[in-house]
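Have the structure open as you read.

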Amino acid sequence: TALEKVPATNLSHSLAGQVPGIVTVMSSGEPGSDNASINIRGHHTLGNNSPLVVIDGVPNRAGGLYRISPSDIENISVLKDASAAIYGSQAANGVILITTKRGRAGAPELSINLSQGFHQPTRVPEMADAATYLTMLNETDYYNNRQPTYSEEVIEKHRSGVDPWRYPDVDYFKEVLKPVSLLSSADISLSGGSEAIRYFLSFNALY
């Protein structure tokens, strides 16, 4: 499906541009807290404007659609206005119906999908070193008719690195942010069965 081709770690990111009538906004890229806000019918309240998510007939399942694997999804439907009325007041902001895959009668069918990608910051700011930054602060003092905050001796100690504990010069963007982070994903599923019993087993690993 189209959702399986989107290289996203969170299904809420994959819905943008794929399902008509859905607007998603991602406000954070923090791992584990990167759920996108989903909106179907606009903002009608100062409170919660999120739609009701129903997975295999069960509303408000723990985790919702944020961590479900796209390879496990058979169909996604979006209901709004009168078509969502069957779910009552919970559907005031629309409904997202998700149906997961099920086993079909026949010989066992094994499916394996492996993917490798990478995440990279769009732009990492180029930071001034400590000596340059302190010099700029002194220049600000000069143009505001104040005495320089830092002496040339202190600035030189930051520049030379003679005492990195008392006069540090650290580019924290460079130290904390990796230039590239690998993204590995594996989806394995086994389905089949008979007319009496059908099964669909799936395993997903994401790193």
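The second largest pocket in this predicted model has a volume of about 380 Å³. It is lined by 14 residues, and Thr 9, Gly 29, Pro 31, Asp 34 and His 119 sit closest to its centre. Strand E8 supplies the largest share of that lining, with three residues.

Now for the largest pocket, which holds about 460 Å³ of space. Its lining runs to 26 residues, and those nearest the centre are Val 6, Ala 8, Pro 70, Ser 185 and Leu 206. Helix H1 (11–14) and strands E7 (106–119), E8 (181–193) and E9 (198–206) each give two or more residues to this lining. E7 gives the most, with six residues.

Here's how the two linings split by residue class:

What about the strands themselves? E7, E8 and E9 make up an open sheet of three strands, in the order E7-E8-E9, with antiparallel pairing. E7 and E9 are the edge strands, each pairing on one side only. Ignoring direction, neighbouring strands in this sheet are turned by 10° against each other on average.

How many bridges join E8 and E9? Their antiparallel pairing runs over nine bridges. For a spot to check on screen, find Asp 187, which stands opposite Asn 204 in E9.

Conventions. Residues are numbered from 1 along each chain as its sequence is written. This is a predicted model: local features need pLDDT of at least 70, side-chain atom pairs count only at pLDDT 80 or more; totals for chains, interfaces and linings use all residues. Side-chain values use heavy atoms; hydrogens and water are left out. On a 1 Å grid over the protein atoms alone, a cavity is a set of points where a 1.4 Å probe fits but cannot get out, and a pocket is an open set with protein on both sides within 12 Å along at least five of seven lines; lining residues have an atom within 4 Å of a point. Grid points are joined across faces, edges and corners, and a volume is the space filled by probe spheres set on the points. Helices (H or I, at least four residues) and strands (E, at least two) are DSSP runs, numbered from the N terminus. Two strands pair if DSSP finds at least two bridges between them. Axes are lines fitted to C-alpha atoms, for helices over the stretch in contact, and angles run from 0 to 180 degrees between N-to-C directions.
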